[in-house]
Amino acid sequence: MAKTQGPTFQPNNEKKAKTCGFRARKNGKGNILNSRRAKGRKKLCA
């Protein structure tokens, strides 16, 4: 009998905010927000 693939996505709002949130982009290495500001982007984050 073959095993079937179960659900793999385990949502976690706190972890997602720390890795994908505004403050994560602000504090990360190579600060992505500064480059977007310099380019003149109206929206800095999604």
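Predicted model: local features only at pLDDT ≥ 70, side-chain atom pairs only at ≥ 80, totals over all residues.
User: How many disulfides does the structure hold?

Analyst: Cys20 is in no disulfide, and its nearest cysteine sulfur is that of Cys45. The number of disulfides in the structure is 0.

User: Is Cys45 buried or exposed?

Analyst: Buried means under 20% relative accessible area, exposed over 50%, and partly exposed in between (1.4 Å probe, protein chains only). Cys45 has 19% relative accessibility, so Cys45 counts as buried.

User: What does Cys20 count as, by relative accessibility?

Analyst: The relative accessibility of Cys20 is 42%. Therefore Cys20 counts as partly exposed.

User: Which residues is Cys45 in contact with, leaving aside neighbours within four places in sequence?

Analyst: Contact means heavy atoms within 4.5 Å. Cys45 sits in the segment after α3 (32-39); helices are DSSP runs (H or I, at least four residues), numbered from the N terminus. Its contacts beyond those neighbours are Phe22, Arg25 and Leu33.

User: Which helix has the highest mean pLDDT?

Analyst: pLDDT is the predictor's confidence in each residue, from 0 to 100. The chain averages 88. Helix α2 (residues 22-27) has the lowest mean among the elements, 87. The highest, 92, belongs to helix α1 (residues 13-20).

User: What pLDDT do local features need?

Analyst: Residues are numbered from 1 along each chain as its sequence is written, and side-chain values use heavy atoms, leaving out hydrogens and water. Side-chain atom pairs count only at pLDDT 80 or more, totals for chains, interfaces and linings use all residues, and local features need pLDDT of at least 70.

Terms used. Helix = DSSP H or I, 4+ residues; strand = E, 2+ residues; numbered from the N terminus. Disulfide = S-S within 2.5 Å.
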